[in-house]
Amino acid sequence: MEQLKTTYYKTPIGIAKIEGNADGISAISVLDEEIESSLDIPICLQDCVQQLDAYFKGERTNFNLKLNPQGTEFQQKVWKELTNVPFGKTRTYLEQSKLLGNVKAIRAVASANGKNPIWIVIPCHRIIGSDGSLTGYAGGLWRKKWLLEHENPTTQQSLF
């Protein structure tokens, strides 16, 4: 197996640490500490950086990347279902559990969401509580709120 390459990319809400190789992107995480963006981006990660850049500029609503997250069979199933949540929309953990065919698995689904290794591209930020609350988010609830507002900006309607 080819060694993982790493690059750092500055986003409006923190530094993204991107890891992957020719097999695909295995992890994107957000860091709280300030690290310089990488100047020399490995070829296998360049497309990911470009697509994230377009996303943050509001020019991209979906990703077309080869993904290679590492997890259990159940986690993989949950993460795959997350990629079906459309840009600008949200789902509840309960809806997500129903789509996965087991309403009783809500806690397991929430746990798998929390272990999602590919920030933004596998959009776990689009999953909310049944009451509409922004429950748990590994990157911090302020980032979840920012991402949801970025994807669904409320436009002021003109009265005239």
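Figure 1. Read along the sequence, the predicted protein chain runs β-β-β-α-α-β-α-α-β-α. That comes to five helices and five strands; helices (H or I, at least four residues) and strands (E, at least two) are DSSP runs, numbered from the N terminus. The radius of gyration is 16 Å, close to the 15 Å that the globule rule gives for 160 residues, so the protein chain is as compact as a globular protein of that length. This radius is taken over C-alpha atoms, and the globule rule is 2.2 Å times the number of residues to the power 0.38. Along the principal axes, the C-alpha atoms fill a box of roughly 50 × 45 × 25 Å.

The model is predicted: local features need pLDDT of at least 70, side-chain atom pairs count only at pLDDT 80 or more, and totals for chains, interfaces and linings use all residues. Residues are numbered from 1 along each chain as its sequence is written, and side-chain values use heavy atoms, with hydrogens and water left out.

Figure 2. Of the 160 residues in the protein chain, 42% are buried. Buried means under 20% relative accessible area, exposed over 50%, and partly exposed in between (1.4 Å probe, protein chains only). The protein chain exposes about 9400 Å², of which carbon and sulfur atoms supply 51%; accessible areas come from the Shrake-Rupley method with a 1.4 Å probe, and for residues only the protein chains shown count as cover. Among contacts with a separation of 6 or more, 55% join residues 24 or more positions apart. Contact means heavy atoms within 4.5 Å. The mean positions of the 18 positive and 17 negative charges are 8 Å apart. Lys and Arg count as positive and Asp and Glu as negative, while His and the chain ends are not counted; each charge is placed at NZ of Lys, CZ of Arg, CG of Asp or CD of Glu.

Figure 3. T7 belongs to strand β1 (residues 5–11) and counts as buried at 0% relative accessibility. The side chains of T7 and S38 are joined by a polar contact of 3.1 Å. A polar contact is a pair of N or O atoms within 3.5 Å; within protein, one must be able to donate a hydrogen and the other to accept it, and residues adjacent in sequence count only if both atoms are side-chain atoms. Not counting residues up to four places away in sequence, T7 touches A16, K17, I18, S38, I41, P42, L45 and V49.

Figure 4. I18 lies in strand β2 (residues 14–21) and is buried, at 0% relative accessibility. Leaving aside neighbours within four places in sequence, the residues in contact with I18 include T7, Y9, I25, L45, C48 and L52. I18 and A105 are 87 residues apart in sequence, and their C-alpha atoms are 30 Å apart in space.

Figure 5. S97 is part of helix α3 (residues 93–99). The relative accessible area of S97 is 0%, and the residue is buried. Beyond four places in sequence, S97 touches N102, V103, A105, I106 and V109. The C-alpha atoms of S97 and E81, 16 residues apart in sequence, are separated by 9.7 Å.

Figure 6. N113 lies in helix α4 and counts as buried at 3% relative accessibility. With residues up to four places away left out, N113 touches V78, L82, Y93, C124 and I127. I120 sits in the loop between α4 (106–114) and β5 (127–128). I120 has a phi near 70 degrees, a positive value in a residue other than glycine, and is buried at 1% relative accessibility.

Figure 7. T135 is found in the loop between β5 and α5 and is partly exposed, at 30% relative accessibility. Contacts of T135 beyond four places in sequence are Y93, I128, G129, L141 and K144. R143 lies in helix α5 (residues 141–151) and is buried, with a relative accessible area of 3%. The side chain of R143 reaches the backbone oxygen of G139 at 2.6 Å. Apart from neighbours within four places in sequence, R143 is in contact with I13, G14, V30, L31, D32, W119 and Y137. P12 is 131 residues from R143 along the chain, with a C-alpha separation of 9.8 Å.
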